[in-house]
Amino acid sequence: MIDLIGDVHGHADELEQLLKKIGYTKVNEHYFHPDRKAIFVGDYIDRGPKIRETLQIVKQMVDNESAIALLGNHEYNAIGFHTINPNGGYLREHSVKNILQHYETIRQFKNKEDELKLYLEWFKTLPLFYETEKIRAVHACWDYKSIACLKKHLDKNRITGDLIHETVKPGTELYEAIGITLKGKEIRTPNGSKFKDTDGNERSQMRIKWWEDPSQMTYNSICIHPLDGLPDTKIETFILKNKDYYEKDDKNVFFGHYWLKNKPSLYKENICCLDYSVAKEKGVLAAYSFDDEYSLSEEKFTYVPRL
């Protein structure tokens with residue numbers, strides 16, 4: 001019996017509320033359930049007001065075997081942001097965009113840099129995906145080819161040691177697999193049109209529903225977030241890096257990452273996103289309590305609003 005929890009982004013108070021709501025109690029400074037285990041799908045840092053407290057809660061649960069924590073793209077980005085590139089600078093560029101995205105974490109660990117270093121090393125121990133006979137969990141996308149690549153290259157599904165340097169080399173198989181797994185699949189917008197993402201950055205690549213057959217979808221229907229002006233015309237499949245999609249009869253898969261809005265709901269009976277934008281106004285922190293059911297049910301969601 002497993003409780004899968006979406007992106008926390010430094011909202012420790014909401015996390016404690018959610019854990020209590022689904023039956024976890026604090027025992028010896030960590031949250032515990034006698035019959036269940038939590039799985040966090042990543043993105044513990046950045047944006048929110050209590051990043052250190054969030055990491056303390058999650059890590060203590062992992063250390064005491066009451067939770068499994070997956071790596072999110074924000075933790076992966078943080079490793080790169082703080083890792084020196086032998087060719088100069090850092091593995092993740094210290095651009096204005098990247099600094100602003102990581103700013104709250106930097107600010108809240110001011111004068112506590114040694115503590116941050118310990119968490120950065122801990123991030124390297126977090127697996128990128130999790131799988132049992134009944135479920136799969138990943139931060140952004142379960143792409144069959146990408147997961148197979150990660151199984152081949154990673155140590156127990158983790159980015160250990162100096163492997164981080166290999167993951168940032170553009171054009172390599174591992175670079176592509178990491179990007180898809182932690183950030184999802186994207187295609188360019190038709191006619192070169194541009195839009196602004198949730199952080200106000202201008203983009204020309206839109207996130208797509210990787211569980212849908214792209215050959216049967218339009219630009220408008222495959223886009224995860226509604227965008228003005230997208231045509232209801234079939235996708236030009238030559239723009240796709242691969243045409244694979246998650247099978248409708250495959251295992252239940254849980255993920256975060258996508259900043260959804262409104263009341264938590266399912267995309268399909270085996271497709272569950274858990275990121276409902278707790279770091280944004282009117283967002284919620286969501287969990288799904290899985291009890292070995294074959295088909296997922298919206299009745300199994302629990303959530304708390306942003307405080």
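The model is predicted. It holds 15 aromatic pairs. One of them, Tyr 119 with Trp 122, is edge-to-face, with ring centres 6.4 Å apart and planes at 75 degrees.

**Tyr 119 and Trp 122**

- Both residues of this pair belong to helix 5 (residues 113-123), where they are three residues apart, about one turn of the helix.
- An α-helix has 3.6 residues a turn, so residues three or four places apart point the same way.
- Tyr 119 is buried because its relative accessible area, 8%, falls under the 20% cut-off.
- Trp 122 has a relative accessible area of 7% and is likewise buried.

**Phe 129 and Trp 142**

- The ring centres of Phe 129 and Trp 142 lie 5.6 Å apart with the planes at 85 degrees, so this pair is edge-to-face.
- Distant parts of the chain are linked by the pair, whose members are 13 residues apart.
- Phe 129 is in strand 6 (residues 129-131), while Trp 142 is in the loop between strand 7 (135-138) and helix 6 (144-153).
- Both Phe 129 and Trp 142 are buried.

**Faces of helix 5**

- Helix 5 has as its buried residues Leu 116, Tyr 119, Leu 120, Trp 122 and Phe 123.
- Viewed down the helix axis, the buried residues of helix 5 fall within an arc of 155 degrees, so they line one face of the helix.
- Exposed residues on the other side of helix 5 are Asp 114, Lys 117 and Leu 118.
- The packing partners of the buried residues of helix 5 are helix 2 (51-63), strand 5 (67-69), helix 3 (73-81) and helix 4 (96-108).

**Other ring arrangements**

- One aromatic cluster is made up of Tyr 144, Trp 210, Trp 211, Tyr 246, Phe 255, Tyr 258 and Tyr 267.
- Over the ring of Trp 259 sits the charged end of Lys 280, 5.3 Å from the ring centre.

**Ser 146**

- Ser 146 is a residue of helix 6.
- Ser 146 is buried because its relative accessibility is 4%, under the 20% cut-off.
- The side chain of Ser 146 makes a polar contact of 2.7 Å with the side chain of Asp 143.
- Leaving aside residues up to four places away in sequence, Ser 146 touches Ala 177, Ile 180 and Thr 181.

Key. Residues are numbered from 1 along each chain as its sequence is written. This is a predicted model: local features need pLDDT of at least 70, side-chain atom pairs count only at pLDDT 80 or more; totals for chains, interfaces and linings use all residues. Side-chain values use heavy atoms; hydrogens and water are left out. Rings of Phe, Tyr and Trp (its six-membered ring) pair if their centres lie within 6.5 Å; planes under 30 degrees apart count as stacked, over 60 as edge-to-face and the rest as tilted. Helices (H or I, at least four residues) and strands (E, at least two) are DSSP runs, numbered from the N terminus. Buried means under 20% relative accessible area, exposed over 50%, partly exposed in between (1.4 Å probe, protein chains only). A charge sits over a ring if NZ of Lys or CZ of Arg is within 6 Å of the ring centre and within 35 degrees of the ring normal. A polar contact is a pair of N or O atoms within 3.5 Å; within protein, one must be able to donate a hydrogen and the other to accept it, and residues adjacent in sequence count only if both atoms are side-chain atoms. Contact means heavy atoms within 4.5 Å. The arc is that of the directions from the helix axis to the C-beta atoms.
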